[in-house]
Amino acid sequence: MRRSSQDAGLGSTGESSVSPSETFVWGELVAHHAELAATTMGELFDRDPRRGSALSAKYDGLVLDYSKNLITERTVSLLMRLARERGLATGIEAMFGGARINTTEDRAVLHTALRSPAGETVLLDGVDVVRSVHDVLGRMSHLAEEIRSGRWCGATGRPVRTVVNIGIGGSDLGPAMTYHALREFAQDGVEARFVSNVDGHDIDRVLRGLDPATTLFVISSKTFTTVETLINARTARQWLVDRLGADAVGKHFVAVSTNADEVAAFGIDPANMFEFWDWVGGRYSVPSAIGLSLMIVIGSGQFRELLAGAHSIDSHFRMAPLEDNLPVLLGLLGIWHRNFCGAQALAVLPYDQRLALLPAYLQQLDMESNGKSVDRYGRAIAVDTAPILWGAPGTNGQHAFFQLLHQGTTIVPSDFIGVLEPAHSHRAHHDLLMANLFAQTRALAFGDLGNAGERPPHRSFAGDRPSNTILLPRLTPYTLGQLIALYEHKVFVQGWIWGVNSFDQWGVELGKKLATSIHDDLESDRAPSLDSSTNALMRRYRRVRRS
Ligand code: F6P
């Protein structure tokens, strides 16, 4: 059954209760896609010499050029109708207004409040959360400045030189990605390191060569029950106690969490705990106290710039018309590729080595948020949801997997991200880097530019491979905050259109539960009684473990 926008069945927070494929415009989009099948990107550009600027959007220094997609202005207008029919504007207001849109956990979704300026009010159950946010920011800033100035000393009286963040998922990827991106802003002599994996090689490598007297561990865990983080934290504590004694722990361990009881049970003084809240999802948490290790190295002022950049995009997302709204455009283009063109993946290709960890960060953001197959009403979703997101920095990726992007049998829409002004003075390097970015998007879009007939098949390029280009003026805490918020809201747009709850992650629970019981079996003498494959693998491991 198809529905019109007058009969969209919007629920209390503006979500549509019908399947996206039952909307009236869905069928129009399917038909429109078929009409475009005979068109090439080359033709579309020939037809409209202004296409490059017509299909570009700008806001606060960010540029999104989406002209190199196989779309027309009609595609955009149909996608806008889809957004309206799905109640997107109401959904955006519901999120910013603190509605409990994370229904399976009965939680509000207010990471946007983390970057609200002091003095703004966001009420949750009658309490202004912005005030709490700024209280914690004030405490974080105090610690960061104490450490940076050398006033906070370790147990032996020496200043902190290395901050080790121990966390996983959102409690690692955000701080690690932003630290790698913003190292140019770090204070000389203070570095950060990151431990996430339960694999002991990870902590081994990070601790090797570290001086305990000048090391501060930041144990970052929203729940403070995540086994990987707790085992790494215990190993780090033992390492410190073995070298400096048990009394040193108070000066060398701080925690970031929502769970004060577990932090205290671990032995960290609650005075050294930096709080955040259940309305901040792990993958949305880098602007919260989870960003503490970043703040320590780049300073409180620069950290607040990151928040300001994110806030700028928050305001844009909330206020700008859908047609000019960067996250809305990016989200809807992704819907076009995934649901109407059948694309299974999305490549994120930052042409900036400082953004090397961005694809991994976005992988969690996108795939943990929208990698779902039931909707907000618990029904199977009839359409495809999150794409498989992957990527690597250019130009390295060009010499690895770009072959598939250009000539493979799978079309992978790509986001190319470029930075106009580098932070180095090697102009020739930057010119070459940017030339490669522009060349790749052209080659993907236009292929051999009409010379295909003159080339043997293995050297011909069909083109019509879609990409977006996102340009930042410079890579700074402010623009990185913008980029983070841009993708957060893009993911929101898509989740809302598909009707999924983008803010839970029940899919990771089963693996955790099974690992716990297998772990118990590995440590016991009991014969494993699982499937024949797992039993044999466990027996082999146990033989080696005991030898
Ligand atoms: O992998 C599931 C998950 O809950 C992520 O959503 C989260 O970012 C990560 O684990 C870490 O959780 P925590 O911060 O509670 O240790």
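This is a predicted model: local features need pLDDT of at least 70, side-chain atom pairs count only at pLDDT 80 or more; totals for chains, interfaces and linings use all residues.

Me: Good to know. Now Phe 224, what is its phi near?
Reply: Phi of Phe 224 is near 55°, which is a positive value in a residue other than glycine. In general, most residues other than glycine have a negative phi. You'll find Phe 224 in the loop between strand E7 (215-220) and helix H9 (227-244).

Me: Changing topic: where does the ligand sit?
Reply: In the largest pocket.

Me: Which residues come nearest to the ligand?
Reply: There are 13 residues around the ligand, and the nearest are Ser 171, Ser 221, Lys 222, Thr 223 and Thr 226.

Me: What kinds of residues make up that shell, polar, nonpolar or charged?
Reply: The shell has nine polar residues, two nonpolar and two charged. Helix H7 (170-181) and helix H15 (358-370) each provide at least two residues of the shell.

Me: How far is a polar side-chain atom of Ser 171 from an oxygen atom of the ligand?
Reply: For Ser 171 the distance is 2.6 Å. Thr 223 also has a polar side-chain atom 2.6 Å from an oxygen atom of the ligand. For Gln 364, a polar side-chain atom lies 3.2 Å from a ligand oxygen atom.

Me: How much of the ligand does the protein bury?
Reply: The protein buries 87% of the 390 Å² that the ligand exposes when taken alone.

Me: Last topic, aromatics. How many aromatic pairs does the structure hold?
Reply: It holds 18 aromatic pairs. One of them is formed by Tyr 179 and Phe 194, a tilted pair with 5.6 Å centre to centre and 50° between the planes.

Me: What does that pair tie together?
Reply: Tyr 179 is in helix H7 and Phe 194 in strand E6 (residues 191-195), so the pair ties together parts 15 residues apart in sequence.

Technical notes: Residues are numbered from 1 along each chain as its sequence is written. Side-chain values use heavy atoms; hydrogens and water are left out. A residue is near a molecule or strand if one of its heavy atoms lies within 4 Å of it. A polar contact is a pair of N or O atoms within 3.5 Å; within protein, one must be able to donate a hydrogen and the other to accept it, and residues adjacent in sequence count only if both atoms are side-chain atoms. Accessible areas come from the Shrake-Rupley method with a 1.4 Å probe; for residues, only the protein chains shown count as cover. On a 1 Å grid over the protein atoms alone, a cavity is a set of points where a 1.4 Å probe fits but cannot get out, and a pocket is an open set with protein on both sides within 12 Å along at least five of seven lines; lining residues have an atom within 4 Å of a point. A molecule sits in a cavity or pocket if more than half of its atoms lie within 2 Å of its grid points. Helices (H or I, at least four residues) and strands (E, at least two) are DSSP runs, numbered from the N terminus. Ala, Val, Leu, Ile, Met, Phe, Trp, Tyr, Cys and Pro count as nonpolar, Asp, Glu, Lys and Arg as charged, and the others, Gly among them, as polar. Rings of Phe, Tyr and Trp (its six-membered ring) pair if their centres lie within 6.5 Å; planes under 30 degrees apart count as stacked, over 60 as edge-to-face and the rest as tilted.
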